Structures are given as structure tokens and as C-alpha cells.
Amino acid sequence: MIRYKTRGDFVTMESLKRYVLLSLFLFSIANPLSASVTHYSIPEEMKEGSVVANLATDLTLDIKTLNQRKMRLDIIANKKYLDVNKETGELYVVEKIDREHICNTKSSCYIKLEVILESPLRIFNIEIEILDMNDNAPQFRRDAIHLDISEVTPRGERFSLSNAVDPDVGSNSVKTYHLSESEYFNIEVQTGRDGSKFAELILTKTLDREQQAVHNLILTAVDGGTPARSGTASVIVHILDTNDNPPTFDKENLSVNLMENSPIGSLVVHLNATDLDEGSNSDISYSYSLYTSEKTQETFNLNPATGEVTVKGMLNYEDFRIYDMEVIATDKGATSLTGQCTIKILVEDMNDNHPEISIKSFQSPVTENIELETVIAVVSVSDKDSGDNGIVDLHVPDNMPFKLRESSDNYYELVVSEPLDREKVPEYDITFTVTDRGSPPLSDNETMTLELLDVNDNVPQFPQSFYTIRVMENNAPGALLSSLTAFDPDLHENQYLVYFIIEKEIANTSMSMLFSINPENGNLYALKTFDYEIEKEFLFHIEARDSGSPPLSSNVTVHIIIVDQNDNAPVIVSPWRAQGSVVEEKIPRSTDKGSLVAKVIALDTDSVHNSRITYQFLQVTDATLFSLDQYNGEIRTMRMFSYRDPRHQRLVVVAKDNGEPALSATVTIKLTTMETAVKAYSDMTEEPLEYDIFSDINLYLVIGLGSVSFLLLITILVTIVIKCQKPKPSKAAPPSRNSVISERNSTIADSTLVSNDAYWYSLFLAETRKGKLVVRQPLPKGSRYIVSSIPRGTGLTDTSDSAASTLQASTTSSSSST
């Protein structure tokens with residue numbers, strides 16, 4: 001059951017109504033405006049909706065008439081924390097009431113209300129006392145309280161501290177203070193005239209700033225509520241320094257070893273004195289005491305601010321070896337305190353004389369082929385010091401082809417230890433370094449330059465050992481082909497080069513007739529125009545020779561490759577015809593579709609690329625009747641002849657090479673169709689042909705064919721004579737051009753053909769039309785075929801005797817089996 005404190009007494013919620021001032025003062029019933037006041041007491045922080053009293057009961061009002069009489073509640077000079085229920089007449093809490101917010105620090109707090117009813121009009125004055133609860137903790141105005149106390153403050157000294165405040169009143173306000181544990185401080189709680197509590201800080205022990213400069217304390221304020229509430233603040237006590245500590249040195253006696261000839265300004269010792277005080281009481285200055293001699297003060301400098309002792313004058317071990325000084329450290333307090341330090345400086349002997357080096361003789365320049373162990377220079381060394389400081393060592397760089405050889409006491413010879421090469425290193429900067437054995441060692445050096453004279457010991461060098469130069473045929477005479485420049489690393493006349501061609505004859509022609517080289521710069525020129533079809537390459541040597549004594553030389557191989565141009569037009573070799581004439585062929589009119597009519601073969605003496613030939617019709621009487629293979633030149637029928645087709649057909653075939661620009665040749669073939677068919681020997685065996693020459697049916701045919709063959713032979717002989725009498729062309733054919741060789745591995749001459757089966761068939765067809773029989777004689781496996789043409793009317797023995805007109809072709813054994 002909740003209990004509320006009211007004016008020092010505790011009551012229950014059930015007895016709250018009885019505790020409310022039920023003894024209402026008598027109010028006048030007859031007078032509608034009553035001046036009496038009804039008092040209630042409630043604790044603060046009551047929950048919303050809590051009932052304070054039943055006004056209808058307390059004011060003896062009829063509950064049923066409250067709504068009709070428009071009962072309302074007016075709050076005077078306050079926020080509306082309370083309201084009345086018109087159904088029940090109960091006065092209840094609308095919003096939590098904070099006493100400290102309404103009445104601040106007043107000891108008593110009231111809320112005045114007026115209850116108004118109409119018909120008849122009546123006004124009741126109600127006064128509600130808000131009772132305090134311990135709902136606020138004490139608070140200090142500042143979270144931290146700073147105090148400055150001198151370390152010489154006597155014990156028992158008091159210091160005022162800020163008090164805490166509590167919005168609550170009565171026993172709920174601040175009651176006492178507590179201080180955290182401290183051996184130096186304590187507190188005493190005092191009561192002010194207004195009843196407020198405050199604390200005083202009391203010093204209980206003498207302070208020492210050097211031991212503890214700051215004291216951190218916690219002050220706690222506690223109120224008298226139940227349960228009690230508290231608040232804290234930090235008390236920070238800063239101890240103020242007094243000059244009660246003298247300066248002290250790290251060491252009161254020092255001994256320092258110092259090398260003689262130490263440079264002016266070099267540090268001897270850095271004195272460090274410390275003072276436990278702070279501020280000006282710890283600022284220290286250094287000075288010599290009266291016991292320090294004038295000689296010492298002239299030789300060493302003392303920095304009064306930093307305590308650094310530095311060298312001021314020259315130190316000489318032979319003059320003065322020990323220096324004594326006394327340094328005083330003084331602080332800057334109001335009453336200065338001092339400390340002192342004694343220093344003994346011992347001067348040590350040092351290696352202060354440098355070794356000396358003297359070049360007695362030096363030979364320069366020398367030839368690069370100088371012999372090993374040859375003396376180049378003589379050097380002497382010395383040192384004025386004694387003992388280890390006077391012992392010296394001499395050396396030269398290890399990466400040079402020289403070494404030192406001791407000849408006598410402190411005398412050395414410089415000799416050549418490795419072969420010299422001017423082309424690699426033209427000169428040497430030789431540094432002689434002499435070092436004594438002191439600590440630290442001292443050294444000296446002397447540098448001499450050795451120049452090397454050139455010897456002709458290098459042959460000329462070409463960048464390449466083999467040059468391949470491509471020259472386009474039909475070049476202009478005198479054209480520059482290439483520049484063959486060699487290099488000689490020697491100097492002067494040993495470097496001047498002369499170029500010339502090593503003589504070599506090719507086909508009774510000297511190289512100097514074909515090529516020329518500039519003897520000064522190695523430029524190679526062509527002296528004539530080359531023809532690829534005659535000369536395809538040249539191989540010779542060029543020599544470069546220097547002007548030394550004796551001269552040295554080297555040569556390089558030059559390979560001249562003549563590059564082909566498309567300067568030869570194709571030549572029609574089959575079907576054969578006299579120059580400018582038309583080839584006449586006869587073909588049976590009953591020839592089947594796809595039959596071979598003729599085969600055009602053209603040759604080109606240019607290189608493979610430029611001699612690749614394609615064929616095409618330039619003119620044709622009937623384009624639907626014949627077809628031409630663009631690669632092998634075969635002309636075949638595309639259909640059979642009809643009675644509408646003309647008897648004579650004119651075919652113009654152009655053979656074009658693959659050059660740039662392309663060259664071509666044409667042949668005109670006049671075909672005549674015949675009604676009588678000519679028997680075609682399409683199947684040729686490896687056996688000799690057998691003829692029934694005694695057949696009555698063929699007797700007249702053989703006689704006719706023999707006559708035609710005889711006339712053809714006469715015609716061929718006449719044609720050969722005419723060609724032999726023609727003037728020779730401007731370009732002389734090479735010996736290898738006596739016969740015409742096709743790209744397709746065929747040879748044609750004097751109506752005789754050696755070829756693969758396609759050419760064989762075309763030759764067979766052409767020769768049979770001319771009244772000849774073609775026989776392919778078998779040879780051993782892997783050999784070439786011999787193809788012969790004989791008149792049709794001759795016997796088999798004639799075939800074997802025609803070896804004089806036989807040509808051979810490279811047909812493999814695989815072709816022979818076809």
C-alpha cells in the first residue's frame with residue numbers, strides 16, 4: 001500500500017479522503033456565492049487519472065444535477081493539472097504535478113481552484129497543497145572545483161568549496177557532504193543562516209609539489225530524503241611551486257678523453273643539470289667557477305643556456321695534456337640555489353700527419369703492345385709520424401692492368417701486368433693511394449694519366465659476313481646497289497680503308513666488268529644491265545684493306561640476286577603454226593559433248609610468278625558450242641553439233657601471264673567440221689599398235705594417209721629452213737634454252753611431245769588428225785616415257801627408229817600407271 005508524506009504525517013490512499021480537510025468550513029447555503037475555502041493536500045508526481053477527492057460528497061452536491069448545472073473547474077494562475085468528473089463529482093489528476101516546477105524553492109506550494117455551478121449559481125473555492133517528495137538529487141553549480149595551494153601552506157588552513165543545491169525542501173534538501181579519502185585533506189560541514197549546508201576543505205598534512213603536483217578529490221552532497229539522493233563534484237587541487245630544490249648534475253665528477261687537433265666548435269661534453277622545481281625556479285644557467293684556470297676558459301667554451309662544452313682553441317698533446325674545470329648550475333628562483341660539477345679533460349695523441357707520396361719517374365705515352373713487366377713509373381712514400389702512424393701502404397686500383405713492385409725501402413715500381421689494348425681503353429688515369437696504419441688511418445693520393453699509342457693490330461670488320469643484294473633486272477648501268485662499309489678500330493693511317501673486288505671470272509667475264517666499288521666508301525655499283533632470263537645471280541668477294549704497316553685486310557661474300565620482271569610475253573607452242581598463220585583443225589561433226597577439240601599450250605620464260613598462264617576466249621563463233629579451261633588450255637565441246645551450226649568455226653584464244661602488267665599472246669584456230677568421222681584412238685596401251693595393213697577395206701586409206709604424211713613432212717622441213725634463216729633476236733638465249741620447257745612439266749619440239757596423260761591425249765588427238773600415229777613406248781619402272789610420232793602408213797620398225805626426234809620429260813612412275 002502506497003504511503004504519502006503530508007506535513008510530517010503518513011497516510012494511506014484509502015484514508016486520503018479522510019486526511020483531506022473534510023472539516024469544511026461552514027459556508028452559507030442561503031448565499032449562492034460562498035467565501036469559504038475547501039483545503040486538500042496531495043503529494044506531487046501523482047499518476048494521471050488519480051482521484052484527489054469527491055467534490056459532490058464534500059460539498060454536499062447532488063450528483064444527478066451536476067451536468068444540468070454545468071459544473072466546471074477554473075484553475076487560478078496555474079496550468080490545468082486537475083479536472084472534475086461531472087458524472088461522479090470526483091476531482092482527479094489530468095497531468096503529473098512537479099512541485100519544483102510550480103513553486104520553485106518555496107517551502108509551501110498551493111494550487112487554487114474554483115468550482116462553478118449554475119441554476120442557481122454557486123462558486124466554491126478550493127485550495128490544494130502540493131506536498132514535496134524527494135525526487136531531486138543535490139547538484140553542484142560546477143562539475144569541477146579548482147583550487148591553487150602553495151606547497152608551503154601550513155597544516156589546518158581552510159578553503160571554501162562551492163555548495164550543492166537541491167530543489168526539494170525540508171528534509172529532502174541537502175543534509176551533509178562527504179570527501180573522498182585523502183591523507184592531505186579533509187572537510188567540515190557548515191550551516192548557513194538560511195539553513196543551507198556547505199563544506200570547507202581543511203589541509204591536514206604539509207604539501208610537496210615535487211612529490212605530487214595535483215590532488216584529485218571527489219566531494220559528495222547527500223540530501224535527507226528516504227531513500228537519500230546524492231550529487232558529486234571533482235575538487236582539483238593544484239600545488240604551487242616554491243624554490244626549495246637546488247639544481248643537481250647527472251654526475252658530479254666527469255672525465256673526458258679528447259683527441260688533439262679536434263676542430264674548433266666540436267663538442268667535448270654536454271652537461272645536464274636538473275631542478276625538481278618548475279617555472280623560473282627550474283630555469284638553469286651554467287658558468288665556470290673561480291677555480292677554473294684562465295687557460296682552460298680560453299681553450300674551452302661553456303654555453304650558459306645548454307651546458308655544452310666545446311673546443312674554443314687549438315689542442316696540442318705536446319703542449320697541454322690535462323684540463324681541469326668546475327662548472328656551477330644556478331636556478332632563477334627568487335632565492336637562487338646552485339649545484340656544481342668537476343670535469344677533467346684528457347687530451348689524447350692522434351695520427352695528425354698525413355703520409356706523403358712522390359712520383360720519381362713516369363713514362364707516358366707508351367705503345368699498346370708494350371711488353372709485360374715493363375716499368376712505367378717509380379714512386380716513393382713517407383710519413384712523419386712514428387710507430388704504426390708512420391708505417392704506410394701504397395696501392396693502385398685493382399681493376400687496372402698494372403701492379404706495384406717494391407724495389408727498396410719505401411720505393412715502388414709500377415709495371416705492366418696484363419696486355420694493353422688501346423681500342424678498349426685509350427688511356428688510364430692511375431691513382432696512387434698511400435695510407436698509414438694509424439687510428440684512424442690517414443691517406444694521400446696522386447693521379448697520373450697514361451696514354452696508349454695505336455698499333456695496327458685490328459683487321460677491318462664488316463657488319464655482316466654475308467651480304468645478299470637483290471637487283472631488279474633491266475636496271476640502269478651505274479646504279480648504286482649497296483654500301484658495304486667496314487670499320488677499323490685503329491687510328492690514323494691504320495684506320496684508313498680501301499675497298500676492291502676480288503677478281504673472279506664467270507663465263508669468261510670478269511667481275512670488274514660487271515660491278516664496280518668505290519675504293520673510299522665501299523659503294524657498290526652495277527656496270528651493266530642484267531637480264532634475269534640469262535643471268536640469275538652472282539657470287540663474289542669484296543676486300544677491305546687498311547693503310548697500316550703492314551696492312552691488314554678482311555673480305556666479305558656478296559650474293560647478287562637478279563629479280564625477275566615481267567618482260568617476256570607468253571609464246572604459243574601448241575598448236576604449232578607459222579608466224580601470223582591460222583591453225584586449221586578438222587573435227588567430225590558427230591563429235592560427242594565434252595570431246596577434246598584442241599589444246600592450247602603457251603610458255604613464258606619469266607620466273608614462276610610471272611610465267612603463270614591463264615587462257616580465255618578472245619573471240620568465238622558460237623559461245624554455246626565450246627568451252628575453254630583457263631588453266632590447262634583445253635577446248636572441249638559443250639554440246640553436239642547440229643545441222644544449224646556453221647561448218648567453219650573461228651576460235652581466238654589469248655594466253656595471259658600473271659605479271660604486272662600482264663603480257664599475252666593469241667592464237668587463232670579455224671575448226672572445220674567434217675561429215676566423215678575420223679577414228680579416234682582413245683585407248684592406247686603399252687603394247688605396240690598392230691594394224692591389218694593387208695585388209696582390203698583399209699588399203700586405199702593407208703595409201704592416202706601416206707601421201708598426206710609425206711606432204712606434211714615436206715612442209716615441216718621448209719618451215720625449219722625458213723626459221724633458221726631469220727635474224728637472231730636481240731637477247732641471246734642461254735645454252736639451256738635450246739628446248740622449250742613448260743611449267744606443267746612438258747616439252748614440245750618438232751611435233752613430238754613428252755607430257756602427262758592430259759597432254760598425251762591432246763597430242764594423240766592432234767597428231768592423228770595430221771595422219772600420224774602416236775606410240776608411247778614402255779621403259780623400266782621409274783624411268784621417263786619416250787613419245788614418238790610416226791606417219792600412219794609406216795611399220796612398227798619406223799617407230800623404233802625415230803629416236804633422233806625423241807624428247808624426254810619428267811613423268812614419274814605413278815603417272816605411267818594412269
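Start with the largest nonpolar core, which has 29 residues. A nonpolar core here is a set of buried Ala, Val, Leu, Ile, Met, Phe, Trp, Tyr and Cys residues joined through side-chain atoms within 4.5 Å; buried means under 20% relative accessible area, exposed over 50%, and partly exposed in between (1.4 Å probe, protein chains only). Select L55, L82, L91, L113, V115 and I128, the residues with the most contacts inside this core. Then colour β3 (33-43), β4 (51-54), α2 (55-58), β5 (72-76), β6 (82-84), β7 (90-93), β8 (110-117) and β9 (122-131), each of which supplies at least two of the core residues. Helices (H or I, at least four residues) and strands (E, at least two) are DSSP runs, numbered from the N terminus.

The model is predicted: local features need pLDDT of at least 70, side-chain atom pairs count only at pLDDT 80 or more, and totals for chains, interfaces and linings use all residues. Residues are numbered from 1 along each chain as its sequence is written, and side-chain values use heavy atoms, with hydrogens and water left out.

Next, centre on L91. Leaving aside residues up to four places away in sequence, L91 touches S50, V51, V52, A53, L55, L73, L82, D83, V84, L113 and I128 (contact means heavy atoms within 4.5 Å). A second, separate core has 26 residues, among them I469, L497, M511 and F540.

Now turn to charged pairs. The whole structure holds 21 salt bridges, each a side-chain nitrogen of Lys or Arg within 4 Å of a carboxyl oxygen of Asp or Glu.

- Select K80 and D83: their closest N and O atoms are 3.7 Å apart, and K80 is partly exposed at 43%.
- Select E183 and K205: this salt bridge has its closest N and O atoms 2.9 Å apart. The pair links distant parts of the chain, 22 residues apart, with E183 in the loop between β14 (174-179) and β15 (185-191) and K205 in the loop between β16 (197-203) and β17 (214-223). E183 is exposed at 51%, while K205 is partly exposed at 35%.
- Select R639 and D645: the closest N and O atoms are 3.1 Å apart. R639 is partly exposed at 25%, whereas D645 is buried at 9%.
- Select R209, E210, D241 and E278, which salt bridges with shared partners join into one network.

Finish at helix α6 (residues 699-725), where F710 lies. F710 is exposed, with a relative accessible area of 53%.
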